[in-house]
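Take a moment with the sequence and the model before reading on. The paragraphs below walk through it piece by piece.

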Amino acid sequence: MYYPMRMYRNRQYKLIKNINYKMPFPIDQDFFVSPTFQGLLNRTIANQSTHWYKTLHDYYYRRQWELYDLTQDPHEINNLIDNTTLSHVVAQLKQKLYSWLETTADPWRCAQEDVLEYQGVYPRSGVCLPMHNQLD
């Protein structure tokens, strides 16, 4: 099981990049068979309320980007990524996140729009090459 995510936060905001966001969030077998998850699953199948702030679909399929105001929403319930008044915050946090990914030579720093190449004619530090997959 894996679901790569990267995150950057400051005192007020938390930005999450779900790298493999087109794939469903994995569920471990011991959690899947638990009464809690089975209750969510059965209520979802029966079109009943899950008594949870997310639908099962929203749990499985994350947005590529998530932004939370930790001072107003400490439980990270309301994703603010589409709030245009916060676009400057998103831009600043993305810049900080990408800078950190470069500094730490994160192997996922180019994903999901590009692919990291560092062999042959490319420098050992790596270069992000476009995949032309319509995700950027």
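Most residues other than glycine have a negative phi. Histidine 51 also has a positive phi, of about 60 degrees, although it is not a glycine. Histidine 51 sits in the loop between H2 and H3. With a relative accessible area of 70%, histidine 51 is exposed. (Buried means under 20% relative accessible area, exposed over 50%, and partly exposed in between, with a 1.4 Å probe and protein chains only.) Alanine 105 has a positive phi too, of about 55 degrees, and is not a glycine. Look for alanine 105 in the loop between H4 and E4. At 48% relative accessibility, alanine 105 is partly exposed.

A word on how to read all this. This is a predicted model, in which local features need pLDDT of at least 70 and side-chain atom pairs count only at pLDDT 80 or more, while totals for chains, interfaces and linings use all residues. Residues are numbered from 1 along each chain as its sequence is written, and side-chain values use heavy atoms, with hydrogens and water left out. Helices (H or I, at least four residues) and strands (E, at least two) are DSSP runs, numbered from the N terminus.

How confident is the predictor? The score is pLDDT, the predictor's confidence in each residue, from 0 to 100. The protein chain averages a pLDDT of 87. Of the residues, 93% score at least 70. Among the elements, E3 has the highest mean pLDDT, 97. Strand E4 (residues 114-117) has the lowest, 72. Where pLDDT is low, the predicted coordinates should not be read in detail.

Now go to helix H2 (residues 35-45). Which residues of H2 are buried? They are Phe37, Gly39, Leu40 and Leu41. Their cover includes helix H1 (29-32) and H3. Leucine 56 lies in helix H3. At 7% relative accessibility, leucine 56 is buried. Leucine 56 touches Phe37, Leu41 and Thr44, not counting residues up to four places away in sequence. (Contact means heavy atoms within 4.5 Å.) Leucine 56 and leucine 41 are 15 residues apart in sequence. In space they are 7.4 Å apart, C-alpha to C-alpha.

Next comes arginine 62, in the loop between helix H3 (56-60) and strand E3 (65-69). Arginine 62 is buried, yet has no salt bridge. (A salt bridge is a side-chain nitrogen of Lys or Arg within 4 Å of a carboxyl oxygen of Asp or Glu.) The nearest side chain of opposite charge, glutamate 66, is 4.7 Å away. What does the side chain of arginine 62 reach? It reaches the backbone oxygen of tyrosine 59, at 2.7 Å.

Aromatic rings come next. Rings of Phe, Tyr and Trp (its six-membered ring) pair if their centres lie within 6.5 Å; planes under 30 degrees apart count as stacked, over 60 as edge-to-face and the rest as tilted. The count comes to nine aromatic pairs. Tyrosine 60 and tyrosine 61 are edge-to-face, because their ring centres are 6.4 Å apart and their planes are at 70 degrees. Tyrosine 61 is partly exposed, at 36% relative accessibility.

Finally, the charged pairs. How many salt bridges are there? The count comes to four. Lysine 14 pairs with glutamate 76, their closest N and O atoms being 3.0 Å apart. Lysine 14 lies in strand E2 (residues 13-18) and glutamate 76 in the loop between E3 and helix H4 (87-103), so the pair ties together parts 62 residues apart in sequence. Lysine 14 is buried, with a relative accessible area of 18%. Arginine 63 forms a salt bridge with aspartate 82, also with closest N and O atoms 3.0 Å apart. This pair links the loop between H3 and E3 to the loop between E3 and H4, 19 residues apart. Arginine 63 is partly exposed at 42%, and aspartate 82 is exposed at 55%. Glutamate 102 forms a salt bridge with arginine 109, at 3.5 Å between the closest N and O atoms. Glutamate 102 is partly exposed, at 47% relative accessibility, whereas arginine 109 is buried, at 9%.

Methods: Lys and Arg count as positive and Asp and Glu as negative; His and the chain ends are not counted. A polar contact is a pair of N or O atoms within 3.5 Å; within protein, one must be able to donate a hydrogen and the other to accept it, and residues adjacent in sequence count only if both atoms are side-chain atoms.
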